[in-house]
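Here is a short tour of one structure.

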Amino acid sequence: MHIALAATFSIAQTQPIVMASTTSTEQSGLFGTLLPAFKQASGIAIKVVALGTGQAIDMGRRGDADVLFVHDQVAEEKIVAEGFAVKRFPVMYNDFVLVGPVADPAKTKGRDITGALRKLNAANANFVSRGDKSGTHAAELRYWKSAGVDNPQFANYKACGCGMGPALNIGSSSNAYVLTDRGTWLSFKNRGELVVLVEGDTRLFNQYGVMLVNPARHPQVKVAEAQKFVDWVTSPVGQAAIASYKIGGEQLFFPNATR
């Protein structure tokens, strides 16, 4: 009897928790460093489902994930207010950049993202949008609105409904402009003639948050294990693991957890 119970407990303990996260954290390679470090510290494995932030948050709302690691603060605060997730913690940031052809036919280069988007709209430039309700797509739409373009519909604006890596591949093959998070850009190998054209605008700040899915709404949530990840990734050890992830000597994400 005791042996059977111990075996059952052991099996339960080895079940991975499900983390709904973004394609940017997955495709940048961050989780390849972060999750093995967490497993070594805790013995807990994590299965990542990488989607656009909107879809990841919907997974939490349905109870199909234990923890959310995403980057759309407005949407994150909304799901907490709705009671589908427990308190949101800031965990790290990087920034968005506008990349485009080195010739820059729309003359966007500089620090002003809204000015650049006005130029793209006026020039009917080739632009690839993720169009997938991701955190990056939500940010892009905010920037268009700030630029006075509520609904970009110029002929060469194309929404792929895809992740950050595929959007960059399309941009590279068609010499188009793309808004991307810097982490995915730094890890992206198929750049073609694309270069960073707009960066440094304070509006391009890109904050990530982490949240436990609310067990009061979804009793199947692995509360203890998921909470351990939230605690670890916002602890000095987890924050150091984030800071240590670099490509070509360049840091991709900057820890800024507050508890």
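H3 and helix H11 (residues 236-244) pack at an angle of about 155°, with axes 9 Å apart. Axes here are lines fitted to C-alpha atoms, for helices over the stretch in contact, and angles run from 0 to 180 degrees between N-to-C directions. Helices (H or I, at least four residues) and strands (E, at least two) are DSSP runs, numbered from the N terminus. H3 and H11 are therefore roughly antiparallel to each other. The cut-offs are these: angles under 35 degrees count as roughly parallel, over 145 as roughly antiparallel, 65 to 115 as roughly perpendicular and the rest as oblique. The crossing of H3 and H11 is right-handed. A crossing is called right-handed if the near helix is turned clockwise from the far one by less than a right angle, and left-handed if anticlockwise.

Leu30, Thr33 and Leu34 of H3 make the contact with Gly238, Ala241, Ile242 and Ser244 of H11. Contact means heavy atoms within 4.5 Å. By class, the residues of this contact of H3 with H11 are four nonpolar, three polar and no charged. Ala, Val, Leu, Ile, Met, Phe, Trp, Tyr, Cys and Pro count as nonpolar, Asp, Glu, Lys and Arg as charged, and the others, Gly among them, as polar.

This is a predicted model, in which local features need pLDDT of at least 70, side-chain atom pairs count only at pLDDT 80 or more, and totals for chains, interfaces and linings use all residues. Residues are numbered from 1 along each chain as its sequence is written, and side-chain values use heavy atoms, with hydrogens and water left out.

**Two further helix pairs**

H3 (residues 30-42) also meets helix H10 (residues 223-233). Their axes come within 11 Å and cross at roughly 115°. H3 and H10 are therefore roughly perpendicular to each other. H3 passes H10 in a right-handed crossing. On the H3 side, the contact is made by Leu34, Leu35, Ala37, Phe38 and Ala41; on the H10 side, by Glu225, Lys228, Phe229, Trp232 and Val233. The residues of the contact of H3 with H10 comprise eight nonpolar, no polar and two charged.

Next come helix H4 (residues 53-62) and helix H5 (residues 73-81), whose axes come within 11 Å and cross at roughly 5°. That makes H4 roughly parallel to H5. Ile57, Gly60 and Arg61 in H4 meet Ala75, Glu76 and Ile79 in H5. The contact of H4 with H5 has three nonpolar, one polar and two charged residues.

**Buried or exposed**

Buried means under 20% relative accessible area, exposed over 50%, and partly exposed in between (1.4 Å probe, protein chains only).

| Residue | Relative accessibility | Class |
|---|---|---|
| Phe69 | 0% | buried |
| Ser28 | 1% | buried |
| Arg130 | 3% | buried |
| Cys162 | 14% | buried |
| Lys107 | 54% | exposed |
| Lys133 | 67% | exposed |

Phe69 sits in strand E3 (residues 67-70). Phe69 and Val210 are 141 residues apart in sequence, yet 4.5 Å apart in space, C-alpha to C-alpha.

Ser28 lies in the loop between helix H2 (23-27) and H3. A polar atom of the Ser28 side chain lies 3.1 Å from the backbone oxygen of Thr25. Not counting residues up to four places away in sequence, Ser28 touches Thr23, Gly183, Thr184, Ser187, Tyr245, Ile247, Leu252 and Phe253.

Where is Arg130 found? Its place is the loop between strand E5 (127-129) and helix H7 (135-146). The Arg130 side chain makes a polar contact with the side chain of Ser134 (3.4 Å). A polar contact is a pair of N or O atoms within 3.5 Å; within protein, one must be able to donate a hydrogen and the other to accept it, and residues adjacent in sequence count only if both atoms are side-chain atoms. Leaving aside neighbours within four places in sequence, the contacts of Arg130 include Thr23, Gly52, Glu140 and Cys162.

Cys162 lies in the loop between strand E6 (157-159) and helix H8 (164-174). Cys162 touches Arg130, Asp132, Ala167 and Ile170, not counting residues up to four places away in sequence. Cys162 and Gly131 are 31 residues apart in sequence and 7.0 Å apart in space, C-alpha to C-alpha.

Two lysines close the tour. Lys107 lies in the loop between strand E4 (89-101) and helix H6 (113-123). Its phi is near 55°, a positive value in a residue other than glycine. Lys133 is found in the loop between E5 and H7. Phi of Lys133 is near 60°, again positive in a residue other than glycine.
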